[in-house]
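Hi,

Here is the structure I promised to pass on. Please open it and keep it beside this email while you read.

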Amino acid sequence: MVQQRITAGFGQSPEDFGWLHRNSHWQRTNSFLNARSVGYRGGISSPLSAPDACSRLSVYLTWGCISMREVVQQTRAHIAELPQQASRHRAGLTAFTSRLYWHCHFIQKLESEPEIEWRNMHQGYDDLREQDFNLEFFEALKEARTGWPMVDACVTMLRETGWLNFRMRAMLVSVAAYPLWLHWRPVGEWLATQFLDYEPGIHWSQLQMQSGTTGINTTRVYNPIKQAQDHDPQGKFVRRWLPHMRSVPDPWLFEPWKMPKPESTAATNAQEIVTPLVDLASATREAKHRIHERRRDPEVKAGKKAVVDKHASRQGFRKLKNPSLEPSSRAKQMSDKQMGFDF
């Protein structure tokens, strides 16, 4: 099953690329360093371009097939050998290197505080979502039945391949945490079983960042309709992973529940098109209000400093223009430096 999911994720046959294929991680590394990294910057956000633009080494790092030291040293060596005019290639590899550093930074968060796997990083956010967990919403999310095509397509791809690019991972968690108002822990447990590159330190830190429970990061809310419009404008990704959407006319592809009756009737498998679980705008607005209301609490504000002192990047702190800022301002600057877990 693992081999089948990795093969599907790379879009190749088992004969071309298998989990046990000899030196497959070196082939992946070399193809990225030599060619695919040219599209790294600007290519890792869309689920259409990300499968090639991303390094796709996270699975091998997770399973211990290759070490972080090897990847860093090879990347540095390749950058040093690039001709002066290869600016785009160099920029791609430089951006990739920065994410390798953040990879280790996030793992350190869990080593410093193992409890963030099951407890809010900032405990001022305890009891924010726990009592309102909607099991029906959670099951619909896992079964790709939220009604938002981009979300359901991403869940389907993840289920079939075990991989998804960072922006789409962030969107899934954002949708779960805000309009669906689901606590990050059950969502994180489910996603951990789906990601072939599951790395606990990165995973749980990101779940909390995207859910707004670190207390030091800016609110991250991804609109699944806008994400579809920005990163799948022609609907190729949605139609690939959701066959019942293939005959839906372009104007209604990302909001099919708004189709007029004639178009809805004509669409193949129209009965499979479901209305979203909640109204996106109003549910998101209410969720943000509840988060921000908690953030304004004096005790929650006061608790930021302990989180910053324990988990903020020391390298980033040294680069702050004014390290003597109050904890809330310092935390805001630090949050802008937090990166994701996509390679």
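Helices (H or I, at least four residues) and strands (E, at least two) are DSSP runs, numbered from the N terminus. This is a predicted model, where local features need pLDDT of at least 70, side-chain atom pairs count only at pLDDT 80 or more, and totals for chains, interfaces and linings use all residues. Residues are numbered from 1 along each chain as its sequence is written, and side-chain values use heavy atoms, with hydrogens and water left out.

Start with Trp181. It sits in the loop between H9 and helix H10 (184–194). Its phi is positive, about 55°, although Trp181 is not a glycine. Trp181 is also buried, at a relative accessible area of 7%. Buried means under 20% relative accessible area, exposed over 50%, and partly exposed in between (1.4 Å probe, protein chains only).

Ala144 is another non-glycine residue with a positive phi, near 60°. Its loop runs between helix H7 (135–142) and helix H8 (149–161). Ala144 counts as buried because its relative accessibility is 14%.

Now the cores. A nonpolar core is a set of buried Ala, Val, Leu, Ile, Met, Phe, Trp, Tyr and Cys residues joined through side-chain atoms within 4.5 Å. The largest one has 65 residues. Leu141, Val151, Met171, Leu172, Leu182, Val187 and Val238 touch the most other members. Helix H9 (residues 166–177) gives the largest share of this core, eight residues. A second, separate core has eight residues, including Tyr125, Tyr178, Trp181 and Ile291.

Best wishes
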